[in-house]
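Take a look at the chain shown here. We will walk through its folded form step by step, from the whole chain down to single residues.

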Amino acid sequence: MKLGLFHHLKRCARAPYSTRCRELNPNHSVYVSNSTNPYFNLSLEDWLFRNKNNQEPLLLLYRDDPCVVIGRNQNPWKEVNLQLASTQKVPFIRRRSGGGTVYHDLGNTNYSLHLSRTAFDRNETAKVIVRAVRSLGIDAEVNDRNDVCAGGYKICYIWSLSSDESYSADVLAPFPGLHLSGSAYKIVNKRAYHHGTMLISTKLNTLGKLLHTTKETMITKGVASVRSPVQNLQRFNSEVTHECFVKAVIQSFREKYNIDEEPKYVEEEEDSLGVQAIRDGMEELKGWDWLYGQTPEFTYSVSRTFDWGESRAEITSKHGVILSCKIECPGIDSDVLEKLGQRIQGLKYGFITEFGEGDWQESEGGPLRVREIWNWVREETSK
């Protein structure tokens, strides 16, 4: 490593975040959040996007405690290993932009570049990140498809969604071949942003397990993630840290957009939490209506072999509510199965209540088998 780069990295490692933004306002050009609360950081990003002068560039940098972040139009039951996430106490969060699923932890750094719609250029914003990576002694480039590459490998592969307003990188997953960053884009009336996550020292095993699901029979109308191989930035330069990457991106952003301003460091404290829109945004991200109720329509077909034979169920849900549940089961009267499906219809998917025997009359198959079918459907929708 060159001596100059070594000293640059040493300075980054001990650079304190001391300049705080005591009165939070959207009038600055560079923000660095010292909070690691993903609900706060995503709400801060949205507030800045909505309130910054449309014609002025803005950069936000932050990192989050472990969480899985899905796109606005995605299905959490399809994208996230919810059982493992619950066991490891890793929340999933639905962001406000489209695109695929990513994993956040303190080993990756998130960047968000906001520009006027007329000035926005995906190739140019990608180059801001490329220049930052290069300044850390890592070879990087943008190819003719606006993919960011390092060492001959793609590290930010872009694909468009069905909407003209959002674009996203593939979902990050640790396979051979090397991606270092996932990116997404959002374009609205007068404003646009490019945001993404740069893997520096993230726990790739955890990432892979949390984003691994096997629900091939779940057919969704939402946006499905496309898996891409990933690798940490430290594989190319073991000295790189969050602080170094933050400093490098800020410098690259300043040079590109002629910004002569010190970064404003934001704390999750009274001043920032005093912004009503940020508080409301945090609550919205945690609420059922946003987290589950935004899920596009999907159908899940499942089967299980019981002592009395194989049973099948086809469950259709939209906006987190079960629209229909069609069950086929030998040994149980069709009227009972229809009544069972009707009881499940209208319940929140993933939150089916416990079986109540009092609603069932003695019939062929009886309540015992009905209870087993109910518990099976409840189990399948809770994964």
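Start with a term: a residue is buried at under 20% relative accessible area, exposed at over 50%, and partly exposed in between, using a 1.4 Å probe on protein chains only. By that rule, buried residues make up 54% of the 383 residues in the protein chain. This is a predicted model, in which local features need pLDDT of at least 70 and side-chain atom pairs count only at pLDDT 80 or more, while totals for chains, interfaces and linings use all residues. Residues are numbered from 1 along each chain as its sequence is written, and side-chain values use heavy atoms, leaving out hydrogens and water.

Next, the overall layout. The protein chain has 12 helices and 20 strands. These are DSSP runs, numbered from the N terminus: helices are H or I with at least four residues, strands are E with at least two. Contact means heavy atoms within 4.5 Å. Take the contacts with a separation of 6 or more in the protein chain: 71% of them join residues 24 or more positions apart.

Now go inside. A nonpolar core is a set of buried Ala, Val, Leu, Ile, Met, Phe, Trp, Tyr and Cys residues joined through side-chain atoms within 4.5 Å. The largest nonpolar core has 43 residues. Which members touch the most others? They are Val-68, Phe-92, Ile-327, Ile-344, Tyr-349, Ile-373 and Val-377. Several elements each supply at least two residues of this core, among them β3 (67-70), α6 (204-210), β20 (321-328) and α12 (366-381). The largest share of this core comes from α12, with five residues. Look closely at Val-68. Beyond its neighbours within four places in sequence, Val-68 is in contact with residues including Val-80, Phe-92, Tyr-103 and Leu-210. There is also a second, separate core of 32 residues, and Leu-61, Phe-120, Ile-138 and Met-198 are included in it.

Helix packing comes next. Two packed helices are described by the angle between their axes and the distance between the axes. Axes are lines fitted to C-alpha atoms, for helices over the stretch in contact, and angles run from 0 to 180 degrees between N-to-C directions. Helix α2 (residues 38-51) packs against helix α9 (residues 276-286) at about 125°, with the axes 8 Å apart. That angle makes α2 oblique to α9. The scale is this: under 35 degrees is roughly parallel, over 145 roughly antiparallel, 65 to 115 roughly perpendicular, and the rest oblique. The crossing of α2 past α9 is right-handed. A crossing is right-handed if the near helix is turned clockwise from the far one by less than a right angle, and left-handed if anticlockwise. On the α2 side, the residues that meet α9 include Phe-40, Leu-44 and Trp-47; on the α9 side, they include Ile-278, Met-282 and Leu-285.

A second pair follows. Helix α5 (residues 122-135) and α7 pack at about 130°, with axes 8 Å apart. So α5 is oblique to α7. Here too, α5 passes α7 in a right-handed crossing. Glu-124, Val-128 and Arg-131 are among the α5 residues that make the contact, and Lys-256 is among those of α7.

Stay with Lys-256. It sits in helix α7 (residues 242-257). Lys-256 is partly exposed because its relative accessibility is 32%. Leaving out residues up to four places away in sequence, Lys-256 touches Glu-124, Val-128 and Arg-131. Lys-256 and Val-128 lie 128 residues apart in sequence, yet 7.2 Å apart in space, C-alpha to C-alpha. The side chains of Lys-256 and Glu-124 are joined by a polar contact of 2.7 Å. A polar contact is a pair of N or O atoms within 3.5 Å; within protein, one must be able to donate a hydrogen and the other to accept it, and residues adjacent in sequence count only if both atoms are side-chain atoms.

Is Lys-52 buried or exposed? Lys-52 is buried, because its relative accessibility is 2%. Its place is the loop between α2 and β2 (58-62). Among the residues Lys-52 touches, beyond four places in sequence, are Pro-26, His-28 and Arg-191.

Finish with the backbone. Most residues other than glycine have a negative phi. Lys-89 is not a glycine, but has a positive phi of about 55°. Lys-89 lies in the loop between α4 and β4 (92-94), and is exposed at 73% relative accessible area.
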